[in-house]
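Please keep the structure in view while reading.

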Amino acid sequence: MENLSNIDENDDAGYHQSPRSIDPNDQSAVETPVYSTMSIDSFVYPRTCSDTTSGFSDQIDETNSFCSESSPSNWPVLTESKSDESSKCLSAGLEIQTTQNLAVQEISEPELETMKERFAKLLLGEDMSGSGKGVCTAVTISNAITNLYATVFGQNLRLEPLETEKRAMWKREMNCLLSVCDYIVEFIPRCQSLSNGATVEVMESRPRADIYINLPALRKLDSMLMEALDSFQNTEFWYAEEGSLSMKSARSSTGSFRKVIVQRKEEKWWLPVPLVPSEGLSDKARKQLKNKRESTNQIHKAAMAINSSILCEMEIPDSYMATLPKCGKSSVGDSIYRYMNSSGRFFPEQLLDCLNIASEHEAVQLADRVEASMYTWRRKACLSNSKNSWNLVKDLMSNTERTDKNYVLAERAETLLFCLKQRYPELSQTSLDICKIQYNKDVGKAVLESYSRVLEGLAFNIVAWIDDVLYVDKTMRGSE
């Protein structure tokens, strides 16, 4: 009898254990707590793990409450029902555990180590000493998204589908990094009707306005870019690595276009050279390429617009304002200042034509100087009207203030900067943009800015690669 009672006690103890600890081949698993430490499951799939765990515990609670009810008699059927319910709970738990194990097995060991390393850097703020001197969370997440983009797309220099492993890595880790936006919320009023017919106003939470608007749009642009890359299968063009063909074999097999392409890609010699048939692309393939270029160019414009709007919403750091010149004229130069200060109508396009900008470096330098002078003149316009804040706002919006010299120069500098960015869409970020990203502390804006920036870069690269193929095709048809 004592042995039977001991067996019953052991059965009851084993019934309350989680299925995770039930392993017939492992005797030590019974004494191991299930969620005492952070497991791999909880790191990779935190929501799924928490949901399934709560669902399983609910089933156990319901069974326990059923078994704890007083039975009207001691029929053996009740004991049989108890064992059935117990076996059902155990089998359900084993199915959950098997599903979680299969999900974890889809991630290889090197990928897990990489995710652990990046997760540690997020927590440490990229300060490996652990002394708390790392950068803020916003900068860390921004750097993580940028580095992930470089890892996945850094070696992808062709119009071809992304590798399966890299695609899975991009989707998995971006979902992990973007999940922080699920918890950046704001409260909005909502009307709710009660059972008695009365209407009350309650507050409910939803994602913050900028995240609510921009993040779904960025996810859609992301999927569209992946679809664009997937569409380049069984194409009529192919690639030859730079230096893989000698000049003699290149001329004998493809004509004289390679000399033109090498000269065109002199600054980016590492890019693969596109090749087309000797008669060029077919009309159908050429039309498809142009359509894909147009659609990808629209994606590029949309991502660039989102990125620009997020950067405009970021606060200007005090460190940037401290470095502004005292005079806007010294920043833009005498020739540009005379043109901007003319009494006639201002034409920024004509000014850009006269400047003869030869390289991207010159365009970035001009953008930095114009932007610095714009904020210098804005600051002077505010200081010249040293009134209380409300009167200052009213006066700045009045017609009298629009005749102020500093105000007019600041407006013209802003127009010139806008036209410069429109003419050179591939222009890299200005000093102010970099300073805003560096000193930004808003996590939501950091995620949106970095996500839109990498998508903008990917879309621009796809458009450039399509242009390369069309350029080769045009050269080949012209050589005939």
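## Overview of the chain

Of the 480 residues of the chain, 36% count as buried. The model is a predicted one. Its secondary structure consists of 21 helices and 4 strands. Among the contacts in the chain with a separation of 6 or more, 75% are between residues 24 or more positions apart. The chain exposes about 28,700 Å², and carbon and sulfur atoms supply 54% of that area.

## A pair of helices

Two packed helices are described by the angle between their axes and the distance between the axes. The axes of helix 6 and helix 7 come within 10 Å and cross at roughly 175 degrees. Angles over 145 degrees count as roughly antiparallel, and helix 6 and helix 7 are therefore roughly antiparallel to each other. The residues that make the contact are listed below for each helix.

| Helix | Residue range | Residues in the contact |
|---|---|---|
| Helix 6 | residues 137-153 | A144, I145, L148, Y149, T151, V152, F153 |
| Helix 7 | residues 164-178 | K166, M169, W170, E173, M174, L177 |

By class, the residues of this contact comprise 10 nonpolar, 1 polar and 2 charged.

## A residue of helix 6

Helix 6 also contains T140. Is T140 buried or exposed? T140 has a relative accessible area of 2%; buried means under 20%, so T140 is buried. Apart from its neighbours within four places in sequence, T140 is in contact with K121, L122, G125, E126 and V135.

How values were computed. Residues are numbered from 1 along each chain as its sequence is written. This is a predicted model: local features need pLDDT of at least 70, side-chain atom pairs count only at pLDDT 80 or more; totals for chains, interfaces and linings use all residues. Side-chain values use heavy atoms; hydrogens and water are left out. Axes are lines fitted to C-alpha atoms, for helices over the stretch in contact, and angles run from 0 to 180 degrees between N-to-C directions. Helices (H or I, at least four residues) and strands (E, at least two) are DSSP runs, numbered from the N terminus. Angles under 35 degrees count as roughly parallel, over 145 as roughly antiparallel, 65 to 115 as roughly perpendicular and the rest as oblique. Contact means heavy atoms within 4.5 Å. Ala, Val, Leu, Ile, Met, Phe, Trp, Tyr, Cys and Pro count as nonpolar, Asp, Glu, Lys and Arg as charged, and the others, Gly among them, as polar. Buried means under 20% relative accessible area, exposed over 50%, partly exposed in between (1.4 Å probe, protein chains only). Accessible areas come from the Shrake-Rupley method with a 1.4 Å probe; for residues, only the protein chains shown count as cover.
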